[in-house]
Amino acid sequence: MIQIVSARGCPNKCNFCSYPSTMGGRLFRTRSTKDLVDEIEYILTEMPEIKEIFIEDDTFTVNNERIIDFCDEIIDRGLNPIWSCNTRVDLPFNVMEKMKVAGCRLLVTGYESGSQKVLDEIKKRYNFTTIS
């Protein structure tokens, strides 16, 4: 397995997270989807011993449109990577379907709490009752 990074920073405001003070702040900066898929294509071509790519962003799926573009780029190039990533629990099902078609094997999700009160207090910015 190899780990790659597609973005730095985090746009979320979860009050328990140490990343803003240790890993680049709240300013969210992303690589282009073309550049990211160029790196994946390089790994597939030049490192055949690598069996899986892990996208090590805490916020990889924060922008659904970017994820769809990323998946479309993989599909359009005819690549067949096996990859995984971290995600939030509010990822829409249609985005997950597209990710699977593009080779996503695993979504690593942080389930901070099943209590809406706790989610509100830690500023997770999603409503537990509306996630389907």
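**Helix packing, sheet and aromatic pairs**

Author: Let us begin with two helices: H2 and H3 cross in a right-handed sense. The model is a predicted one.

Reader: At what angle do H2 and H3 pack, and are they parallel or oblique?

Author: The axes of helix H2 (residues 33–46) and H3 lie 9 Å apart, and the angle between them is about 45°. An angle under 35 degrees would count as roughly parallel. The value for this pair therefore makes H2, relative to H3, oblique.

Reader: Which residues of H3 make the contact with H2, and how many residues of the contact are charged?

Author: From H2 the contact draws on Thr33, Lys34, Leu36, Val37 and Ile40, and from H3 on Arg66, Asp69, Phe70, Glu73 and Ile74.

Reader: How do the axes of H3 and H4 cross, and what is the handedness of the crossing?

Author: Helix H3 (residues 64–76) and helix H4 (residues 93–101) have axes that come within 9 Å and cross at roughly 25°. H3 and H4 are therefore roughly parallel to each other. Their crossing is left-handed.

Reader: Which residues of H4 touch H3, and how many residues of that contact are nonpolar?

Author: H3 contributes Asn64, Ile67, Ile68, Cys71, Asp72 and Ile75, while H4 contributes Val95, Lys98, Met99 and Val101. In the contact of H3 with H4, 1 residue is polar and 2 are charged, and the number of nonpolar residues is 7.

Reader: What is the order of the strands in the open sheet, and which strands stand at the edges?

Author: The open sheet has 4 strands with parallel pairing, in the order E1-E4-E5-E6. Two of the strands have a single partner strand each, so one side of each is left without a neighbour in the sheet; these edge strands are E1 (2–4) and E6 (104–109). From one strand to the next, the twist averages 25°.

Reader: How many bridges join E1 to E4, and what stands opposite Ile2?

Author: E1 and strand E4 (residues 53–55) run parallel and are joined by 3 bridges. The residue of E4 opposite Ile2 is Ile53.

Reader: How many aromatic pairs are there, and which parts does the pair of Phe60 and Phe70 tie together?

Author: The count of aromatic pairs is 3. Phe60 and Phe70 form one that is edge-to-face, with 5.4 Å centre to centre and 85° between the planes.

Key
Residues numbered from 1 in each chain as written. Predicted model: local features only at pLDDT ≥ 70, side-chain atom pairs only at ≥ 80, totals over all residues. Heavy atoms only, no water. Axes fitted to C-alpha atoms, helices over the stretch in contact; angles between N-to-C directions. Parallel < 35°, antiparallel > 145°, perpendicular 65-115°, else oblique. Left-handed = near helix turned anticlockwise from the far one by under 90°. Contact = heavy atoms within 4.5 Å. Nonpolar A, V, L, I, M, F, W, Y, C, P; charged D, E, K, R; others polar. Pairing = 2+ DSSP bridges. Phe/Tyr/Trp six-rings, centres within 6.5 Å; stacked < 30°, edge-to-face > 60°.
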